[in-house]
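Biologist: I have a model to look through. Could you take me through its packing and one of its sheets?

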Amino acid sequence: MSDTHSAPGWKDAVVYQVYPRSFMDSNGDGIGDLNGIISKLDYLQQLGINLLWLSPVYRSPMDDNGYDISDYEDIAEIFGSMADMERLIVEAKARDIHILMDLVVNHTSDEHPWFIDAISSTNSAYRDFYIWRKPGADGGPPNDLRSNFGGSARTFDKPSGEYYLHQFSTRQPDLNWDNPRVRVEVHAMMNRWLDKGIGGFRMDVIDLIGKEVDQQIMANGKNLHLYLQQMNRATFGKRNSITVGEAWSATPEDALLYSAEERKELTMVFQFEHIKLFWDPHQGKWCNQPFDLLRFKAVINKWQTALAHRGWNSLFWSNHDLPRAVSKFGDDGQYRVVSAKMLATALHCLKGTPYIYQGEEIGMTNVHFAHIEDYRDIESLNLYQERIAEGVSHAQMIGGIHANGRDNARTPMQWDSSANAGFTDGQPWIALNPNYEQVNVAAALADPNSVFYHYQQLIALRKQLPLLVHGDFQQVFAEHTKVFAWLRTLEKQMLLVINNFTREHLTLDVPKNLQSLQGRCLISNCAPREQLDAQLELQPYESFAIIFERS
């Protein structure tokens with residue numbers, strides 16, 4: 001059974017994520033902005049994407065680079081104005097690009113008017129917009145719940161004698177979604193954004209809004225799906241909108257609850273099982289684990305299979321919180337270009353919606369700053385101080401940050417080889433990756449064999465070929481430790497995708513049913529292949545997709 005061709009139009013779309021602070025600076029203050037994004041819309045149109053996910057641009061004190069929102073209906077001055085935002089929506093739509101706003105409603109900034117009022121008095125009308133508890137028996141926090149950014153998840157408010165909950169920074173108090181007034185206010189805000197013409201929302205840590213605080217159940221609380229169904233009915237469900245929820249806790253079973261069409265919740269969710277595979281079970285991402293393709297394949301296969309006929313997969317290798325794809329899953333040295341192309345082919349030939357993180361389409365890499373002072377990310381800085389105090393060495397912590405720190409994805413976009421990579425005329429808010437003189441957009445556009453044109457070709461193929469969007473998925477060579485390959489089938493067409501995930505030359509024994517089939521090479525990063533013999537000699541990081549017509 002395959003999806004019908006009448007499936008919603010968004011299924012053939014490709015999403016591009018912009019981290020506005022680091023994309024393009026138009027006014028020389030060293031910080032990317034909305035007018036900078038507008039100036040690069042033609043570039044994004046040339047790439048071929050349809051949806052543009054913006055990390056938060058709302059008014060914010062920037063304790064967590066905009067994920068701490070003080071006004072959902074105003075724009076941070078560093079990014080521009082609401083007039084600039086409205087122009088971006090219009091200019092993007094003129095290029096068939098719709099904007100996905102980042103919806104951050106698990107928490108607000110401590111400078112949001114709701115929290116300012118809530119902390120002013122225990123009798124405040126907004127007190128119950130947040131989550132307060134009396135001290136424990138020892139006078140300290142009511143329990144030992146930890147923040148994701150280090151330290152206690154409770155901060156004491158001396159005037160009221162109560163603690164407020166924050167799962168992230170102390171300046172990001174959690175909203176109380178059990179209060180129906182919170183839900184009404186959030187829905188109204190969402191509708192005002194939708195009325196401006198945006199295409200939908202990416203929803204930050206949405207799996208946390210149904211939390212059961214006193215049971216210390218933070219993710220997947222009992223009311224989570226009820227609240228999402230209410231949100232759907234009150235806001236985007238009546239419109240042709242796309243919604244993707246960030247859900248670090250999601251299992252395939254959860255993803256079906258979120259994204260099965262009949263449940264009327266979200267379009268899809270981001271899950272992170274393939275990312276967390278390589279984190280240490282005890283020290284998390286700060287102690288990097290070696291890449292294991294068999295485990296990686298098993299996770300991708302599990303998600304492809306579980307969401308084959310109901311629900312929908314989000315496909316991504318990286319984002320603003322994760323290391324660069326080619327550094328994590330490929331080879332950012334000798335084989336940077338060929339492995340970046342391999343990763344692109346692998347992602348775009350799976351079933352689901354592909355997400356491209358800014359710079360991924362030119363093969364940008366992780367940055368290895370030597371000094372902790374060069375980093376800007378609150379998570380990295382807090383955890384570094386905490387772990388150093390516990391006796392972890394500088395070398396171990398900086399190694400973990402080099403491998404998995406969030407600033408890897410946040411160094412400025414590399415536009416050309418001029419000063420500051422063409423990102424700004426001023427002093428950039430964070431240092432550039434020194435390799436920008438070689439790895440940049442101008443160089444990519446000038447080279448017909450660049451990573452950019454490989455992405456462009458994949459995006460175009462997705463729009464032309466229903467098989468890439470709706471075809472069934474079946475893994476082949478499942479036990480191979482170095483090759484990830486699969487078949488996509490739809491009606492009389494079959495697509496074979498083969499990816500060598502190593503820097504080795506490999507010999508692959510081809511099953512009899514695939515030998516001597518004559519096909520057409522859709523895309524490759526080495527010499528094109530039209531058929532398979534009994535044995536296949538693969539180059540390092542070689543990747544290709546062949547389409548066959550079946551009788």
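Modeller: Keep in mind that this is a predicted model.

Biologist: Which residues does M85 touch, not counting residues up to four places away in sequence?

Modeller: Contact here means heavy atoms within 4.5 Å. Neighbours up to four places away in sequence are left out. That leaves L34, L54, V57, I75, I99, M101 and W193.

Biologist: How many residues has the largest nonpolar core?

Modeller: M85 is among its residues with the most contacts inside the core. Helix α11, residues 336-348, gives the largest share, seven residues.

Biologist: Now the open sheet of five strands: which are its edge strands?

Modeller: The strand order is β16-β17-β18-β22-β20, with antiparallel pairing. An edge strand of this sheet pairs on one side only. The edges are β16 (472-476) and β20 (520-524).

Biologist: Which residue in β22 stands opposite S524?

Modeller: Strands of a sheet pair through backbone hydrogen bonds. Here, four bridges join β20 to β22 (residues 543-549), and the two run antiparallel. Opposite S524 stands F544.

Biologist: Which helix packs on the sheet, touching β16 and β17?

Modeller: The helix spans residues 293-306. Its direction makes about 20 degrees with that of β17 (483-490). This is helix α9.

Terms used. Residues numbered from 1 in each chain as written. Predicted model: local features only at pLDDT ≥ 70, side-chain atom pairs only at ≥ 80, totals over all residues. Heavy atoms only, no water. Pairing = 2+ DSSP bridges. Axes fitted to C-alpha atoms, helices over the stretch in contact; angles between N-to-C directions. Core = buried A, V, L, I, M, F, W, Y, C linked by side-chain atoms within 4.5 Å. Buried < 20%, exposed > 50% of the residue type's maximum accessible area, 1.4 Å probe, protein only.
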